[in-house]
Amino acid sequence: MAFGRSDRRRRSAAVEPVTLKILVAGGFGVGKTTLVGAVSEIKPLRTEERLTEAGRPVDDLDGVETKTTTTVAMDFGRITVNEELVLYLFGTPGQDRFWFLWDELARGALGAVVLADTRRLADSFAAIDYFERRGLPFTVAVNCFDGADRYPPDSVRDALDLDPQVPVVLCDARLKDSARDVLISVVEHAMETGARRREPALP
């Protein structure tokens, strides 16, 4: 009996974890669905459809010729970082024609991942511009595809003309630990950005 009461007190004293919303964005075929699926502790929600001949005039498949499906709404997953922090992941669609969904997906987000592919680096500009305009902290994660050239983070930063405080990391979106490290980078960057914004201006 004493053990049971002690156990109940322990459970009632437990603090509910903080839940945060993170976007996973980037160009078409850059690995957003793969990253969410690799790191999610639940079966991810996916809204993928098969690519068809009708979409070829508007879907640029250069560099991703083997891609057969595309996200048409969002991907959703969840990861428990520790007892105090749970992240909800929302993967955005990559094609221009689905950008009308981004404003709704971005509502209430703490920060974002912009996945980049060095073979199609220009595809990252639209997502970077979007988050810069909204003032939403983001990390650029270079997805190191097999056979793609590897560049140091500083070279990628220069090519994308990023502010010095924006983190640039290398990752493999297929690997859980690698994807988890990217998400932690986003949370840390968002917290640091929030702290800087709260600092009083010097007279």
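Author: Start with a cut-off: buried means under 20% relative accessible area. Keep in mind that this is a predicted model.

Reader: What makes helix 2 largely enclosed by the rest of the structure?

Author: Count its buried residues. Six of the eight residues of helix 2 fall in that class, so the helix is largely enclosed.

Reader: Which residues of helix 2 are buried?

Author: They are Lys32, Thr33, Leu35, Val36, Ala38 and Val39. Helix 2 itself covers residues 32-39.

Reader: Lys32 is on that list. How do you know that Lys32 has no salt bridge?

Author: A salt bridge needs a Lys or Arg side-chain nitrogen within 4 Å of an Asp or Glu carboxyl oxygen. For Lys32, the nearest side chain of opposite charge is Asp75, 7.0 Å away. The cut-off is 4 Å, so the pair does not count as a salt bridge.

Reader: What does the side chain of Lys32 reach instead?

Author: Backbone oxygens. One belongs to Gly27, at 2.7 Å. Another belongs to Gly26, at 3.4 Å. Polar contacts are N or O pairs within 3.5 Å, so both distances meet that limit.

Reader: Why is the pair Asp117 and Arg119 called a salt bridge?

Author: Their side chains meet at 2.9 Å, N to O. The limit is 4 Å, so the pair qualifies.

Reader: How do you know which class Asp123 and Arg120 belong to?

Author: Arg120 is at 11%, under the 20% cut-off, so it is buried. Asp123 is at 31%, so it is partly exposed. Their side chains also meet in a salt bridge, at 3.0 Å, N to O.

Reader: What makes Asp146 and Arg174 a link between parts apart in sequence?

Author: The side chains of Asp146 and Arg174 meet in a salt bridge of 3.2 Å, N to O. Asp146 lies in the loop between strand 7 and helix 5, and Arg174 in the loop between strand 8 and helix 6, so the pair ties together parts 28 residues apart in sequence.

Reader: Which residues form a network of salt bridges?

Author: Asp146, Asp172 and Arg174 are linked in one. By this rule, the count of salt bridges comes to seven.

Terms used. Residues numbered from 1 in each chain as written. Predicted model: local features only at pLDDT ≥ 70, side-chain atom pairs only at ≥ 80, totals over all residues. Heavy atoms only, no water. Helix = DSSP H or I, 4+ residues; strand = E, 2+ residues; numbered from the N terminus. Buried < 20%, exposed > 50% of the residue type's maximum accessible area, 1.4 Å probe, protein only. Lys, Arg positive; Asp, Glu negative; His and termini not counted. Polar contact = N/O pair within 3.5 Å; in protein donor to acceptor, adjacent residues only side chain to side chain.
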